[in-house]
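Dear colleague,

I am passing on the structure below, and my notes on its disulfides and ring contacts follow it.

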Amino acid sequence: MKRLLVRSGIVLLGLFVLAAALWGASRLRGPSAEQRHALELMQAEPELPGSNAFPALWLLEWDVPEQAQAAIAERDAARFRSLPPPGDPARAAAVSGFQSVAVESYPGLGDALAREPASCGWREGGCIEHVRANRDAHARRLAQAERLVDRVEAVLAAHGHYRTVLPLAVDMPSPRLELLPLAATRYALQFLDGETDLALANNCRALTGLRRLAGNSDTMLATMYLAAGIEGHAGLMADMLAELPPDHPLPAACAAAIAPLRDDELGLCQAMRGEWRHGQSAMDFLDGAPEDGWAAGFVRGLLLDRDATAALAATNLSWPCGEEASRALAMDLPMRPPESTAGLLRFECVANLTGCIFMDLAQPAYAPYGLRMQDVRARIRLLRILEWMRARASGGWTGPAEALLAQLPEELQAPGRAVDIDPATGRLRIELFDDLRQTHWSVPLPPALRPEGEGAAAP
């Protein structure tokens with residue numbers, strides 16, 4: 001019996017030594033060549049166009065002069081950095097009560113905005129009809145909050161990128177992006193009130209600004225919200241044109257709004273860099289509270305390797321920054337992440353079980369975002385096709401729209417997508433890669449190109 005116990009002890013000791021050796025080798029292995037390349041892509045800080053929209057968006061609710069916005073945003077960042085750290089029981093209350101110091105010195109603008117009627121929905125379409133159905137109430141609401149709407153309009157037209165100034169944290173507050181559709185609502189009202197060219201020009205300036213911002217944002221939340229803004233303002237532009245004769249010239253501001261897309265425009269790389277950096281800050285919340293004690297900290301240290309998790313995250317998130325994704329973007333072919341190597345039996349997971357679990361859970365969530373950004377590009381392409389068709393109609397084309405589509409010049413064609421006329425609604429439409437919500441995005445045709453008896457059908 002004693003000999004059996006000794007042998008069992010030796011076996012257990014050997015297993016422990018083996019496990020410790022495996023753990024140590026796993027912890028010391030360092031990032032692979034692929035992971036080092038991914039880390040380089042995620043840590044890159046390319047120069048971004050124009051000025052940063054974050055301070056203006058962060059302070060949207062207060063009437064802060066433009067020249068003071070950056071300094072106040074930096075003060076707020078310093079105050080947020082001084083809050084109790086992640087894991088501290090006092091942090092939740094401190095974060096929930098956090099607001100800009102602007103509240104102490106500048107007039108608030110949000111209280112003047114009535115809750116009803118609601119602004120146009122960017123993804124619902126039909127902005128003109130939405131405002132037309134309750135024109136006077138929309139006019140009163142916008143007039144009462146005129147300064148706030150002016151601020152929204154300036155943000156969309158003036159800035160070139162969005163880079164978060166506040167320290168990255170899982171619980172960080174966000175600007176009130178939901179106020180941005182106020183601009184589209186104003187432009188729809190201007191159009192209905194007969195200020196046709198003003199409405200078109202203003203809407204095109206907003207669309208141009210959104211094209212800059214959506215592809216140069218460092219958070220996925222802002223990127224997707226701004227991408228939805230492109231859908232909303234592009235749809236509004238098409239709805240305006242549907243109520244005008246095809247020979248009505250576009251204002252000069254619209255040339256940039258529907259300019260040909262650059263190969264690297266409206267990509268997802270910058271947003272993924274922000275997500276990666278955001279993810280590194282999330283590790284602070286996994287460290288637990290100080291009162292958890294040394295034992296809990298020791299176990300966490302055994303199961304979580306922050307550096308290895310950062311390398312795993314970089315590998316999972318860097319695919320929109322790679323050459324294959326760039327080719328897919330340029331050729332308008334569906335852009336998808338590479339096949340996953342998920343699984344907890346990987347050697348790198350021996351000393352980083354928690355990190356592997358988190359990364360395996362997070363990876364699938366990002367797959368649709370690349371397709372959504374490609375669909376944003378497709379909407380710009382459809383606007384270009386629409387304008388080309390308007391020009392043909394104003395030049396005397398009298399045939400069916402389907403026959404006109406067959407004559408599209410090569411630079412307007414979409415080899416990877418179907419562009420046609422919806423037989424049910426008579427609307428011009430383009431196929432979407434991210435087809436969970438809808439399979440196509442459509443816009444109304446000019447009256448001269450609609451089949452006889454067809455109106456501007458609803459989206």
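**Disulfides and rings**

Both cysteine 204 and cysteine 254 are buried (under 20% relative accessible area with a 1.4 Å probe, protein chains only, where exposed is over 50% and partly exposed is in between). Please keep in mind that this is a predicted model, in which local features need pLDDT of at least 70 and side-chain atom pairs count only at pLDDT 80 or more, while totals for chains, interfaces and linings use all residues. Residues are numbered from 1 along each chain as its sequence is written, and side-chain values use heavy atoms, with hydrogens and water left out.

A search of the whole structure gives three disulfides (pairs of cysteine sulfur atoms within 2.5 Å). Cysteine 204 and cysteine 254 form one of them, with their sulfur atoms 2.0 Å apart, and the link is right-handed, with 90° about the S-S bond. Another disulfide joins cysteine 120 to cysteine 127, S to S 2.0 Å, and both of these cysteines are buried. Cysteine 269 is joined to cysteine 321, again by a disulfide with S to S 2.0 Å, and this link is right-handed, with 105° about the S-S bond.

As for the rings, the whole structure holds six aromatic pairs (rings of Phe, Tyr and Trp, the last by its six-membered ring, with centres within 6.5 Å; planes under 30 degrees apart are stacked, over 60 edge-to-face and the rest tilted). Among them, phenylalanine 54 and tyrosine 162 pair edge-to-face, 5.6 Å centre to centre with 75° between the planes, and both residues are buried. Ring pairs also link Phe54, Trp58, Phe80, Phe98 and Tyr162 into a cluster.

Best wishes
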